[in-house]
Amino acid sequence: MKTNYNRVWAEIDLDAVRSNMEQMKQNMAEGAEMAGVVKADGYGHGAVPIAKTIAPYVCMYAVATVEEGMILRRHGIEKPILILGVVHENQYAKVVSYDLDIAMFELRRAKLLSQEARRQGKTAGIHFAVDTGMSRIGFSVTEEAAKEAKKIAELDSIRVDGMFTHFARADEENKDAAKKQYEKFLQFCDMVRAQGILIPLLHCSNSAAILELQHIHMNMARAGISIYGMYPSDEMKHEPVHLTPVMELHSEISYVKMIGPGDSVSYGGTFTATEPMRVATIPVGYADGYPRGASGKADVLIRGKRARILGRVCMDQFMVDVTQIPEAEEGDEVILVGKDKTSGECISMEELAERSGGFHYELCCDVGKRVPRVYVQGGKIVGTKDYFDDRYSDFLTLE
Ligand SMILES: *Cc1c(COP(=O)(O)O)cnc(C)c1O
């Protein structure tokens, strides 16, 4: 895609997002809805455009922080938004005024939230978090915890909208651990019901469970990485839900030169040529979120062919071997992640993660604010975002 950018840009394919949602919808259990997880700025893809694109498929959204929830509200998103982690009580005023639901499992904090809601003349929505095996947050599955849940539910300005747990190992081929967690969650659901608390939404499934554990979708599942067209792990089957990658990373060659035997490339001189080589410089580095772990290991695509990284990835540039691509020249498009439509060659986020010793979830979240996002739909650019357009309000008098 021709854009107004040259150094680096991320192409976000909104048709792929739609296709992924459609694919998942086909696989959802009868009566189960989806929540769209758009935390970490939509896994680096841009939370607002992603949230708007998936709106027809989701009954609510989930984020990690209060600020992430506020951004969605400021962009006109009205469906429920759940904050999946613990929110500090200092932020309860914002939580209530922006109508954000939060994960809750402590009576002390619930009382503070209830007080704040009453002060604003509102009710505060919560989802009980239940720890069934992550040891991260949530009630332990005990009678005392169920009684604590009852006390929280009885607070006058608290509204219990849901209850959830999170799987540690649903992305593995063997689903025993996930099924055990599900059983534990059901047990807690029963215990809470026995306390006389009725909870509208029960949810435990992440993307992995959406894809492969249909019988435990309950009445909602939380779709995350699958929205963005990636499978949670390489143990996941790619059928019947076929996902299409959403993000591509593009750049252009900034310089091409010849080096000779004995010439080293990049910091530390970890690569030294033994014969004449053609070397292309790519104006992207780890400050853009391109992993330094890819040094000497990963490839990029130039003119549909693979070119290997030479030496270390620098903060803002790295070099690749184009000896076997004699037609490569300054200004050529470089695909760091994505598919070359002519040759069919493809470098996936998963491949880059594997080569760099990283994790595909992390790589897309790490795409930095120096990387503009270009939104594509129906073969056309429908929007862009320049994250680097920072505006400071407090430092204006600094000399
Ligand atoms: C991040 C997260 C998800 C989404 O997980 P994926 O593997 O990306 O689908 C769901 N639930 C909770 C609690 C999360 O923190």
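Trainee: Which residues surround the ligand?

Mentor: This is a predicted model, in which local features need pLDDT of at least 70, side-chain atom pairs count only at pLDDT 80 or more, and totals for chains, interfaces and linings use all residues. Numbering starts from 1 along each chain as its sequence is written, and side-chain values use heavy atoms, with hydrogens and water left out. With a residue counted if one of its heavy atoms lies within 4 Å, the ligand is surrounded by Val37, Lys39, Tyr43, Leu84, Arg136, His166, Asn206, Ser207, Arg222, Gly224, Ile225 and Tyr361.

Trainee: How many residues of each class does the shell around the ligand have?

Mentor: Ala, Val, Leu, Ile, Met, Phe, Trp, Tyr, Cys and Pro count as nonpolar, Asp, Glu, Lys and Arg as charged, and the others, Gly among them, as polar. On that basis the shell has 3 charged, 4 polar and 5 nonpolar residues.

Trainee: How much of the ligand's area does the protein bury?

Mentor: Polar contacts (N or O atom pairs within 3.5 Å) include one between the side chain of Ser207 and a ligand oxygen, at 2.5 Å. Arg222 places a side-chain N or O atom 2.8 Å from a ligand nitrogen, and a polar side-chain atom of His166 lies 3.3 Å from a nitrogen of the ligand. Of the 390 Å² that the ligand exposes when taken alone (Shrake-Rupley method, 1.4 Å probe), the protein buries 92%.

Trainee: Where is Pro240?

Mentor: The peptide bond from Glu239 to Pro240 is cis, with omega near 0 degrees. Pro240 lies in the loop between strand S9 (220–223) and strand S10 (247–252).

Technical notes:
Polar contact = N/O pair within 3.5 Å; in protein donor to acceptor, adjacent residues only side chain to side chain. Helix = DSSP H or I, 4+ residues; strand = E, 2+ residues; numbered from the N terminus.
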